[in-house]
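Hi,

Here is the structure I promised to pass on to you. Have a look at it first, and then read on for what turned up.

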Amino acid sequence: MRPCIRPLIPGEPDNELLWGSVLAAGSLIAVTWLSLGLPTPLCPLHSLTGIPCPTCGITRGLGCLLHGNIAAAFLFNPLCMAILFAVLLYLLYATIVVIGGFPRLRWIPSSTHIPGLLRIAVVLLFAANWIYLILRERNLFPSG
Amino acid sequence: MANIHIARHQQSLGSFSEEEIREGIRTGRFSADDLSWREGMPAWKPLGEMAPQWGLENPPPSLEVVVDPLPASKTSDGNEPAWEDRERLGLFPAILKTVEAVLMRPSQTFAAMKQTGGLAHPLLYFVLLSSTMFAVSAIYQMAATTLNPVFAPPQLSHTSKTSFFVAMIGSILVSPALYVVSSFISSGITHLCLKLLGGAHKPFETTFRVICYAQASASVLNLLPLCGSLIGLIWGAYCIIIGLKEAHGTEGWRATVAITLPGLLCCGLFLLAAAAAGVGIAELGKGFGGMPQLPKFP
């Protein structure tokens, strides 16, 4: 799989416009929700067992981000915050290429399937992040 | 020289060297109708127009595909669901037919589902039905709370009656916007999980169509008071699994894992742990001469 920059194929879905709009709307809803102090869901796994789930800390991390405390946000859930930053970068890229009408970044696949190595990497990343969250809960890492 | 990109049916087939293109033209893999693009060109142009300029022989005009690099893409396009034929059938008959087909015959419906045609049709169906059914649930909730405040949702149990009604009406009004965003996000996550599991043989549009038609059709069960939303949730999940299996041509377990994986990763891992513990205990039991047999009832 390798990257290339090319114009949209006639009739090809404009992913940047579509996903840029969805992510912008989703971010706006999330920020509004948190700013208004509306109720956020409790983690059933944490409530029942005291063990955090792999996505625990997103709400608290978002709260820190809204207050400009990026380091604390990353401590709450590093992987989810990294994904969030990737989403923000994508939003920036999508806004620029859609408004400017520029060619798009696309990946040329060597096959239609995701390589096995990438699958293992994703699983390992999630596992490492979850282990960190569990250890952090046990005060083995600094808290935000 | 830079490679030449080839596209067919709005999808990229990849980038190829001049030698590969020459070979592809000779074997009939590429035709004059295929679109081509090379660095420096402002837009895609038919290969038939560009080939002579690049010093290649003219490709055959007809589409005689010998080798398709994307075998899973663009196969047959079905005629289901009825919603996409609503101009002929009428709005309400189309909705009723679609709901009936998706809930009662999910396998046949999704096997014959249109794979192309854009995201607007399924999105409109999803937002229209889900928002309406959400409004019905909210009205049930308001009626039940009026009769007995015990039925108020936990988050709103401490608010005044007026605030509660304002919150419910506010949620009904913003629900269409939330459903638009949630349809894309849930389909996107499901498609990613299906890709990770090696079960996504069709583009994102297929997953989006399955999720929209299955979830919206199952939301009609919200009309049943009390237990309707729970039944809808389970039936909807079943229809999505069948839909993904049929539309993507993948195995049932991959479709099941794809829709349960996000839930398992977020708060549901204890279910997985319980299942693993169950399997572990059963295996231990085998090691000790098998699990004790339960007495048989007459």
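His5(B) has Trp37(B) as its bridge partner in E3(B), and on another strand, E2(B), His5(B) stands opposite Ser15(B). Before going further, please keep in mind that this is a predicted model.

Those pairings belong to an open, antiparallel sheet of four strands in chain B, ordered E2-E1-E3-E4. At its edges are strand E2 (11-16) and strand E4 (45-46) of chain B, each of which pairs on one side only. Helix H1 (residues 18-27) of chain B packs on this sheet and touches E1, E2 and strand E3 (35-38) of that chain, its direction making about 120° with that of E2(B).

Going through the strand pairs of chain B:

- Strand E1 (residues 4-8) and E2(B) run antiparallel and are joined by five bridges.
- E1(B) and E3(B) are also antiparallel, with four bridges.
- E3(B) and E4(B) run antiparallel with two bridges, and here Ser36(B) stands opposite Lys45(B) in E4(B).

The hairpin of E3(B) and E4(B) has six residues between the strands, and Gly40(B) takes a positive phi near 105° there.

How much area do chain A and chain B bury between them? The value is about 2,600 Å², with 80% of it on carbon and sulfur atoms. The contact involves 32 residues of chain A and 33 residues of chain B. Between the two chains there are zero salt bridges, and two residue pairs are in polar contact, both at pLDDT 80 or more.

On the side of chain A that touches chain B, the elements giving two or more residues are strand E1 (2-6), helix H1 (15-35), helix H2 (44-49) and helix H6 (116-137) of chain A. H1(A) gives the most, with six residues. By residue type, this side of chain A divides into 23 nonpolar, five polar and four charged.

Enjoy exploring it, and write back with any questions.

Best wishes

How values were computed. Residues are numbered from 1 along each chain as its sequence is written. Chains are lettered from A and ligands numbered from 1 in the order in which they are written. This is a predicted model: local features need pLDDT of at least 70, side-chain atom pairs count only at pLDDT 80 or more; totals for chains, interfaces and linings use all residues. Side-chain values use heavy atoms; hydrogens and water are left out. Two strands pair if DSSP finds at least two bridges between them. Contact means heavy atoms within 4.5 Å. Axes are lines fitted to C-alpha atoms, for helices over the stretch in contact, and angles run from 0 to 180 degrees between N-to-C directions. Buried area is the accessible area (1.4 Å probe) that two parts lose on being put together, summed over both. A salt bridge is a side-chain nitrogen of Lys or Arg within 4 Å of a carboxyl oxygen of Asp or Glu. A polar contact is a pair of N or O atoms within 3.5 Å; within protein, one must be able to donate a hydrogen and the other to accept it, and residues adjacent in sequence count only if both atoms are side-chain atoms. Ala, Val, Leu, Ile, Met, Phe, Trp, Tyr, Cys and Pro count as nonpolar, Asp, Glu, Lys and Arg as charged, and the others, Gly among them, as polar.
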